[in-house]
Amino acid sequence: MKFWMKAGFAAVLATAFAAPPAQAASPVYGDFSLMFQRSAGQYAPPGEKAFQWAWSPQSATESQITWGDPVTWPPATAEHFVRSGDWVLLDGWDGNGTYYSQRVTEESACDGAQCTAIPSDGGRQHYVRWTVPSTDYRLVARGTITRQSSGKVVHFEHLQTWGAPAPCSNARFGARTCITQTETWSDDNGLPAGSPMRETLHRSIKIAKGLGMAFAIDQDVPSPWHAEATEYWNW
């Protein structure tokens with residue numbers, strides 16, 4: 001075999017058996033929320049007082065987040081989240097000297113008008129996907145919240161749309177990449193037994209990759225309100 005034929009054949013073999021190019025890992029919710037870091041931040045409406053949040057990891061799969069006034073920190077409540085497979089689940093929260101267990105009776109993931117039931121994971125709410133999809137997705141959850149100290153039960157409905165990673169910006173940190181949670185919360189707390197639920201919250205929150213929560217918040221219910229992140233740090 002002539003040399004150029006040997007060289008050409010070797011090149012073909014090298015190409016055929018070469019390792020495929022490395023694929024970039026899909027982003028995960030932790031890249032945006034920083035829920036498994038001791039991360040914190042402040043956010044504020046333009047020219048007004050700041051509010052604060054902080055993640056406090058409890059284990060490799062559990063973390064809790066607190067929201068409140070930095071002047072009276074720490075706040076009395078903390079939401080408890082658990083990573084289970086490719087989901088982040090909401091278990092409930094501490095507050096007022098007791099624990100509030102949140103359990104779903106119905107959950108589904110929706111693509112347009114087509115919704116598919118989500119199998120139960122101990123009754124905890126499937127709050128957000130761990131691996132961030134490249135397209136938007138919608139979640140519907142209905143269930144109950146039980147105050148452990150008294151047994152009082154509140155019924156709720158939580159509707160969420162999670163936006164795929166997209167450009168975002170705010171005045172303090174400029175251009176970034178965010179995922180957006182748009183949520184509507186309804187419940188029957190404080191209403192007479194048998195009353196229909198009422199909507200108590202509707203808002204959108206942008207979560208910036210590498211920075212954390214509350215990059216920008218736009219709220220419609222219970223009242224119009226806009227805030228942007230002013231500080232981020234690890235503690």
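Is Glu79 buried, partly exposed or exposed? At 24% relative accessibility, Glu79 counts as partly exposed; buried means under 20% relative accessible area, exposed over 50%, and partly exposed in between, with a 1.4 Å probe and protein chains only.

Before going on, note that this is a predicted model, in which local features need pLDDT of at least 70 and side-chain atom pairs count only at pLDDT 80 or more, while totals for chains, interfaces and linings use all residues. Residues are numbered from 1 along each chain as its sequence is written, and side-chain values use heavy atoms, with hydrogens and water left out.

**The whole chain**

Show the protein as a cartoon. The protein has two helices and 14 strands; helices (H or I, at least four residues) and strands (E, at least two) are DSSP runs, numbered from the N terminus. Of the 235 residues in the protein, 41% are buried.

Colour by pLDDT, the predictor's confidence in each residue, from 0 to 100. The mean pLDDT is 92, and 90% of the residues reach 70 or more. Over residues 1–7 the pLDDT is below 50, and beyond near neighbours in sequence this stretch has one contact in the model; contact means heavy atoms within 4.5 Å.

**Stop 1: Glu79**

Select Glu79, which is found in strand β4 (residues 78–84). Leaving aside residues up to four places away in sequence, Glu79 touches Ser63, Gln64, Ile65, Trp67, Leu90, Gly92 and Trp93. Then pick Thr66, whose C-alpha is 6.5 Å from that of Glu79, although the two are 13 residues apart in sequence.

**Stop 2: the disulfides**

Next, select the cysteines. How many disulfides does a search of the whole structure find? There are two disulfides, each a pair of cysteine sulfur atoms within 2.5 Å. Counting bonded cysteines along the chain, the pattern is 1-2, 3-4.

Go to Cys110 and Cys115, whose sulfur atoms are 2.1 Å apart in a disulfide. The link of Cys110 and Cys115 is right-handed, with 105° about the S-S bond. Cys110 counts as buried at 7% relative accessibility, whereas Cys115 is partly exposed at 36%.

Move to Cys168 and Cys178, a disulfide with sulfur atoms 2.0 Å apart. The link of Cys168 and Cys178 is also right-handed, with 70° about the S-S bond. Cys168 lies in strand β10 (residues 153–170) and Cys178 in strand β11 (residues 174–187), so the pair ties together parts that are 10 residues apart in sequence. Both Cys168 and Cys178 are buried.

**Stop 3**

Strand β12 (residues 198–208) runs antiparallel to β11, and 10 bridges join them; two strands pair if DSSP finds at least two bridges between them.

On to strand β13 (residues 212–221), which is antiparallel to β12 and joined to it by six bridges. Finish at the turn, where β12 and β13 form a hairpin with three residues between them. Gly210 in this turn has a positive phi of about 80°.
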